Amino acid sequence: MDDRLGDKQLLKIKHLLGIKGMCKEDLDLILKTSVSFKQILDTPNKKVAALKGITVVNMFFENSTRTKISFEMAEKRLSADVLNFAASSSSLKKGETLIDTAKNIEAMKIDMVVMRHSTPGAHKMLMDNLDSIIINAGDGAHEHPTQAILDLMTIVEHIPDLKGKRVTLVGDIVHSRVAMSNIHALKIFGAKVQVCGPSTLMPRDIEKMGVEVIYDLNEAIENSDVMNILRIQLERHVGASFPSLREYHNYWGITNEKLARAKNDILILHPGPMNRGVEIDDDVADGDHQVILDQVLNGVASRMAVLYLLSANIGGAK
Amino acid sequence: MKKMINNINLSEPLFKPVAKKLLIKNGTVIDAYAEKEFESDILIINGVIEKIAQSIKAEKGCEVIDAKGMYISAGFFDMHVHLREPGYEQAENIVSGTNAAMSGGITGLAAMANTTPCVDNKFILKDIQSRSKELLVTVHQIPAVTIKREGKVLAEMTELAENGALAFSDDGNGIQSSETMKGALEYAKMFGTPILVHPEDHSFTEGVMNESFTSTELGMSYIPAIAESINIARDIEIARYVDGKVHFQHVSAKESVELIRKAKKEKLKITCEVTPHHFSLTDDKVRTFSTDYKMNPPLRTQEDVDAIHKALKDGIIDVIATDHAPHPSEKKNVEFDFAPFGVLGLETMFSAGITYLVKPKKLSLMEFLKKITVNPRKILNLEPDLLKKGRTAEITIFDQNKKWKVDRRKLKSLSLNTCFHDDTHYGKVLYTINNGKIFKA
């Protein structure tokens with residue numbers, strides 16, 4: 001054990017399937033551990049032996065660059081043996097079932113599974129059928145818990161106490177797992193959460209999650225302490241619920257001009273990958289308020305924390 | 001797929017010939033047609049009701065069923081079933097499906113046309129009719145309204161009606177073209193048969209569950225309630241215009257119920273059905289991510305369930321029918337998005353009604369029985385008055401209070417996809433009699 005890590009504490013959760021239902025103590029512990037790992041990442045020897053002998057498989061059934069690299073980096077920094085498996089979930093539909101694929105891989109003696117999948121709840125199926133520790137790297141528009149944790153970590157670096165602070169998620173809320181996980185996490189930490197975007201990108205009864213819905217971006221910019229700008233999936237929308245990217249950019253794209261009305265210390269996050277010129281302008285994406293590359297580094301640190309803390313349950317997840 | 005339970009081959013008929021003389025003694029007859037309940041014995045000779053009277057003496061050689069503490073009703077009828085034969089025999093076949101039906105007290109059923117090939121012509125209809133003979137359960141095959149259920153060209157409805165079609169349905173598909181729907185309703189008027197409508201506007205993005213706060217939290221793709229009610233509103237307009245006979249299948253949304261309530265006030269020829277899962281469960285169940293709760297129309301909200309209970313009580317909903325939709329486990333045991341829609345129903349129709357409607361006093365036993373005996377037969381122009389001397393004995397004997405645990409492995413269907421697995425249900429069918437045959441649970 002690397003003595004830079006101190007004593008390992010235990011999480012109440014055995015798997016990380018979503019933020020919903022998690023307790024504040026668990027999130028606090030993950031954040032605290034993430035900070036330790038970030039400090040280690042700042043030293044010349046970035047590697048710890050914490051997961052030596054442990055095998056982690058990254059199963060990605062949807063395209064991902066950032067999240068996949070981030071998890072792989074985290075696993076390697078922890079000295080785990082890493083296996084990568086990528087396929088489109090539609091190929092699963094034709095051939096072998098998800099359960100069979102996963103059981104085959106598990107039969108090769110793996111300990112932890114990180115999975116991204118297009119179907120909400122696919123991780124629950126995996127958990128019910130495997131003995132491995134399951135970590136959700138995104139399931140449809142349901143949850144993306146490690147994204148919420150890294151976003152939280154990044155915000156807390158600037159705003160240690162989120163109580164009463166207003167955080168706005170901007171853009172495509174209805175198709176966004178990032179939005180769902182962020183809402184759950186931010187509420188646990190006492191933030192006031194607001195969602196902003198065109199009404200057709202707001203899912204039904206979203207207010208019941210305890211968030212405020214606002215359509216006017218300028219008003220949202222004025223009252224926010226933090227804005228998390230979600231990616232517009234370019235291929236998805238134009239049609240019955242979305243007139244054009246031009247209109248989107250004009251009314252919901254973040255520009256320096258619009259930011260002029262913001263509080264001086266407003267924080268701008270983006271989970272990436274960015275569509276410059278659509279939801280965010282160049283001068284904002286590279287500007288003084290953004291913490292986008294901090295999010296990337298925090299992503300590795302917080303995923304190290306999640307893997308490390310959950311590894312305590314290996315062999316006894318059920 | 002299940003092939004056997006306890007060494008019983010599920011693809012073999014599970015009934016026996018009824019005794020030459022059979023006396024049902026000490027039971028309570030509940031006749032939902034006459035709306036009467038009385039203590040009485042029933043004597044059946046050669047499968048035909050000979051006598052309904054008190055204290056009938058058992059003659060020599062007469063078999064006796066002691067029905068003390070049990071109810072004797074007309075056999076149940078399920079007007080919405082998928083038997084999967086031909087084309088999907090891995091999920092169910094005519095024999096296994098009717099085994100499941102009689103084990104649920106059902107003596108007659110209407111089978112939908114979404115088989116492969118589709119039942120859209122006389123030859124396939126006659127083939128299925130010939131393969132459904134000699135069974136305890138009377139199978140009424142319902143042909144499609146349009147060729148291949150594509151909603152474009154009408155099937156040869158006159159010939160189909162002449163060959164025993166009691167109604168027509170493109171079930172599984174909503175008829176998208178208003179013109180086709182108008183044509184079908186006008187054409188069917190000639191033989192007085194209703195069109196059974198699967199109300200769905202397919203222009204809404206394809207979803208997997210109800211659009212609600214639950215779909216928002218789960219991030220699931222959704223089907224809004226209005227995908228159903230818009231189609232119902234349209235077809236009420238068409239029915240009024242052509243004076244046609246429409247029966248709405250598996251109504252699930254409160255909006256739909258309200259439209260039908262208004263149409264009935266106008267005395268239009270409109271009837272409708274609800275499935276047991278839509279009066280028992282809400283979309284909250286989808287939070288388990290179990291594909292046992294994936295059906296179309298999807299489970300809705302508590303508000304919808306409350307509206308359905310009220311409409312059942314008020315007589316706005318005429319019929320309870322199951323939409324029995326077997327799927328083999330390898331098709332259901334996949335990610336929610338990829339699983340087919342549909343759940344089993346035949347073996348839990350009665351017990352779900354007792355458990356979720358009669359026990360909580362949403363309906364009286366008589367009101368409930370009317371919706372699974374008299375009303376579906378009336379809608380399909382079948383004889384609804386069955387408990388009479390001289391009629392074929394078509395009888396279900398049940399214990400209203402008997403508790404049992406639904407176990408998917410013990411159901412007679414070849415498939416496992418019940419949405420009531422592990423639930424405790426009240427009401428158990430003990431004997432089902434029809435066509436000179438008897439099934440004992």
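Why is helix H11 (residues 349–358) of chain B largely enclosed by the rest of the structure? In this predicted model, 9 of the 10 residues of that helix are buried, so the rest of the structure largely encloses it. Here, buried means under 20% relative accessible area, with a 1.4 Å probe and protein chains only, and a helix is a DSSP run of H or I with at least four residues, numbered from the N terminus. Among the buried residues of H11 are B:Met349, B:Phe350, B:Ile354 and B:Leu357.

Next comes the interface. Its size is often given as the accessible area lost when the parts come together. Chain A and chain B bury about 1800 Å² between them (accessible area lost, 1.4 Å probe, summed over both), and 63% of this lies on carbon and sulfur atoms. On the chain A side, A:Thr119, A:Pro120 and A:Arg204 lose the most area to chain B, together 27% of what that side buries. The contact (heavy atoms within 4.5 Å) draws 26 residues from chain A and 18 residues from chain B.

The two chains share 1 salt bridge, a side-chain nitrogen of Lys or Arg within 4 Å of a carboxyl oxygen of Asp or Glu. A:Lys20 and B:Glu217 form a salt bridge through their side chains, at 3.0 Å from N to O. Helices H3 (89–94), H4 (98–107), H5 (122–129) and H7 (177–188) of chain A each give at least two residues to the side that touches chain B.

Residues are numbered from 1 along each chain as its sequence is written, and chains are lettered from A in the order in which they are written. Local features need pLDDT of at least 70, side-chain atom pairs count only at pLDDT 80 or more, and totals for chains, interfaces and linings use all residues, while side-chain values use heavy atoms, without hydrogens and water.

Note on methods. Buried area is the accessible area (1.4 Å probe) that two parts lose on being put together, summed over both. Buried means under 20% relative accessible area, exposed over 50%, partly exposed in between (1.4 Å probe, protein chains only).
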